[in-house]
Amino acid sequence: MKKKLSLFLVLLLAVSTFLAACGGKKEENAGSEKQTEKPAETKKEQVLNLLESSEIPSLDSVLATDAVSFNVMNNVFEGLYRLDKDNKPTPGMAESHEVSEDGKVYTFKLRDAKWSNGDPVTAHDFVYAWRKALDPNTGAEYAYIMYDIKNAEEVNTGKLPVDQLGVKALDDKTLQVELKNPVPYFLSLTSFATFYPQNEKFVKEQGDKYGLEANTTVYNGPFVLSEWKHEQGWTYKKNPNYWDAETVKLETINVNIVKDNATAVNLYETKKADRVGLSAEFVDKYKNDKNFKTELEASLFWLRMNTKNELLSNVKARKAIAMAFDKQGITDVILNNGSVPANYFVPKGFVTGPNGKDFRDENGDLLTTNVEEAKKLWAEAKQELGKDQFTIELLNYDSDSAKKIGEYLKEQLETNLEGLTVNIKQQPFKQKLELESKMQYDLSFSGWGPDYQDPMTFIDLWVTDGAHNQTGWSNAEYDKLVKDAKTTLLTDLQARWDAMLQAEKIVAEEAPVAPIYQRGISYLEREYVKGIVSHQFGADYSYKWAYIE
């Protein structure tokens, strides 16, 4: 989701990218341009060695929700469109499209493309995958991202059969999509993983194993996974069946899973890795290195709160927790990588409104550190709940950086909120996501990366019973603002913008989540690595245009 990981997740979504191959936009864009001008210079062996800190949870594009899966899928699959080096949609499986005058009907013409097993990619593959994503029996968390399609929500909630979804294969190479309302960013959405096609015959042959092994997955993107050793790493190989294989220069990408940053840096130093993310202590050591790079991303990290918990059902207790820790200490000391404190739920520098103003500039800071106010609210919460001592659990990732942040939050909350005990539960990435989805947690250190370039990719996270809400929080006024911004206000963009600004203020006032920081990344990248494209939303990276100089 990122994400993302949500982009989408993020997700965005994961601390894993602290150790992931992270990219700088300016340098990478320049590299992308060079590779088309001077392909003869790519003489070195076209092998790229990368690091990641987490296993891939799933390569089923309908079921995946996290940043690690989205990054891999972006490089082994392709939707109707994909994002280019400027984060603009560029033709993928579709070679062209037409839009009706009312903006509600898209007709895509598919190119002659193949799956890695030689089967043709057809319009039927999109119909199958999209229906599968929205079938309530599938239980896809990201189904809601397709709700702009006609009848999508009704299908997903079981009110209509899947064949009533507004998507049709007019023939093998023509896909027609009907929307409920005109959606200005719909073309970008088609680059997101949930909108990828799936080869129905192959998927059904694999059954429950589809997307869980390299050989139980079939690919239509620039690369295929030739090897996937769980909890160790995976290998990308150039896909000879990819329609644009001539553009792809890399032959092999090796990815090793390394959770410890010192080990990761050592692999870079010994030339076994070409890129490495840096934790705080290594930023100071390498900040003057010629290969050092840094950038601020559009991903946010926060504490989710399970509002079904006795303590966290109290809004004063939630706000006390949100205000009781020093965010600057996390960004400047623990991370030290360009991250900045976040007092908000939509990142700065991400998107501007109809009036040309950044969303963040308009709403400003909403939920800041204020220890004195936190103590006051905490005392009132304890009085209302009739108890003086509370013990809660903090669900956390098992990466190096996450561990340090978790310990810091525990110390800050226990020091500033008298009578509170915080126990930390660290889990591998996949297991943590599962516990969060089932709401088997009290507090959870989590992140989110945008799935598309609109505030809604953050704003609609907290709607009642939303797939990624996972806090149990509900607010009728907030739900209405989100619904209006997705439907009736689409023809009045300023009113839509204002509704999203108001919705963000409600989340801050009720505090089902406590924002911590907007992620920056600092990393080292070998000078011969060129053309890795970094994306602001959706998956984090594209390797299609990358090469070794």
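**View 1. R318 and E510 form a salt bridge, the closest N and O atoms being 3.8 Å apart.** A salt bridge here is a side-chain nitrogen of Lys or Arg within 4 Å of a carboxyl oxygen of Asp or Glu. The pair links distant parts of the chain, 192 residues apart: R318 sits in helix α9 (residues 315-323), E510 in helix α17 (residues 493-510). Helices are DSSP runs of H or I, at least four residues; strands are runs of E, at least two; both are numbered from the N terminus. R318 counts as buried at 3% relative accessibility, whereas E510 is partly exposed at 25%. Buried means under 20% relative accessible area, exposed over 50%, partly exposed in between (1.4 Å probe, protein chains only). The model is predicted: local features need pLDDT of at least 70, side-chain atom pairs 80 or more, while totals for chains, interfaces and linings use all residues. Residues are numbered from 1 along each chain as its sequence is written, and side-chain values use heavy atoms, without hydrogens and water.

**View 2. R275 and E525 meet in a salt bridge (1.9 Å, N to O).** The partners lie 250 residues apart, R275 in strand β11 (residues 275-277) and E525 in strand β17 (residues 513-525). Both residues are buried.

**View 3. E436 and K432 pair within helix α14 (residues 429-437).** Their salt bridge spans 3.3 Å, N to O. The two are four residues apart, so about one helical turn separates them. Both are buried.

**View 4. Strands β9 (residues 233-238) and β10 (residues 252-257) pair in the antiparallel sense over five bridges.** Pairing requires at least two DSSP bridges between two strands. K237 has T252 in β10 as its bridge partner.
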